[in-house]
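Here is a walk through one protein model. Keep the sequence and the 3D view side by side as you read.

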Amino acid sequence: MRLRRALPIAAVLPALLAVSACSGEPKESGDKKPDAKASAKGAQSAEEKEAAEAKQLGALDTKTLEKVVLTGKAAGFDAKKIAKAEVEAGRNMEADNKTCQPLASLIGGFTHIKPVSAAHRSLQPTEATNATVGSMWLVSHSEKNAVQVMKDLRAAVTACPKGFKTLGLTYGKVDGLTAPKLGDEAVAYRITGDIGKQKVPMRYTVVRSGGVIAAFYGVNMLDEKKAAIPEAVVKAQLEKMASGKG
């Protein structure tokens, strides 16, 4: 049996958290089509603005970040780009307890301090017998902000053992775990989500390298002890960042 077929909800848990945020978006009315030239000009201006900000802060813009984020097969997983609409759905998740906001923001695929740029990937195992699935993302900050993100995240893990709520969903328990000794610093923790009557333990590994934060989310519905995205995947990402090769 291909175990991953039994885990469709696990692969999309982060996106489910933002469904309510998307449901109220208005649809375009009429038959008017957007001006292609105006759209291209706007996109170019946004890219130029982001590139200038990144240069000023010593951060990476999206184009550069996309060159160093894992894509394709690595360390037993297949990293695939996530649709922009799914990524944006999790951008503004708010915790009912502000102290827990760093945790809520990471569930949505971002950091509580707005990054200069971000790149997201889903992670699917290449082996049929591996039931661990998840996602990962890189976010680029000034190094000062990246250090603050990790400091706040570490504090939130300690301060929110009983969990929090966001977008109508409950995360009833947060446990700090031993982090791998990778990058400049790392934080690892487990959040237990209440999905209906089911308790779903999700594991996060967050690593900072300079001003870039690499976050890894994993879940295994058959064996919670194997929920974390393997350290080999984290190492592969850090090595790609260090090499600067796309």
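A nonpolar core here is a set of buried Ala, Val, Leu, Ile, Met, Phe, Trp, Tyr and Cys residues whose side-chain atoms link them within 4.5 Å. Buried means under 20% relative accessible area. The model is predicted.

Start with the largest nonpolar core, which has 35 residues. Its members that touch the most others are L103, F164, Y189, I191, M202, Y204 and V206. Several elements supply two or more residues each: α6 (101-107), β4 (133-140), α7 (143-159), β6 (169-177), β7 (185-195), β8 (198-209) and β9 (212-219). Helix α7 gives the largest share, 6 residues. In soluble globular proteins, nonpolar side chains tend to be buried together.

Now zoom in on I191. Setting aside neighbours within four places in sequence, I191 contacts L103, I107, F164, Y171, K173, V174, V200, P201, M202 and Y204. A second, separate core holds 22 residues, including A119, L138, V212 and V233.

Next, the strand pairing. β1 (residues 72-74) and β2 (residues 77-81) pair in the antiparallel sense over 3 bridges. G72 faces A79 of β2. The hairpin leaves 2 residues between these strands, and A75 takes a positive phi near 50°. β2 also pairs with β3 (residues 117-125), antiparallel over 5 bridges. There, F77 has P125 in β3 as its bridge partner.

Finally, confidence. The chain's mean pLDDT is 84, with 81% of residues at 70 or more. The pLDDT is below 50 over residues 1-13, a stretch with 24 contacts beyond near neighbours in sequence. It is also below 50 over residues 15-30, where the model has 13 such contacts.

Definitions and conventions
Residues are numbered from 1 along each chain as its sequence is written. This is a predicted model: local features need pLDDT of at least 70, side-chain atom pairs count only at pLDDT 80 or more; totals for chains, interfaces and linings use all residues. Side-chain values use heavy atoms; hydrogens and water are left out. Buried means under 20% relative accessible area, exposed over 50%, partly exposed in between (1.4 Å probe, protein chains only). Helices (H or I, at least four residues) and strands (E, at least two) are DSSP runs, numbered from the N terminus. Contact means heavy atoms within 4.5 Å. pLDDT is the predictor's confidence in each residue, from 0 to 100. Two strands pair if DSSP finds at least two bridges between them.
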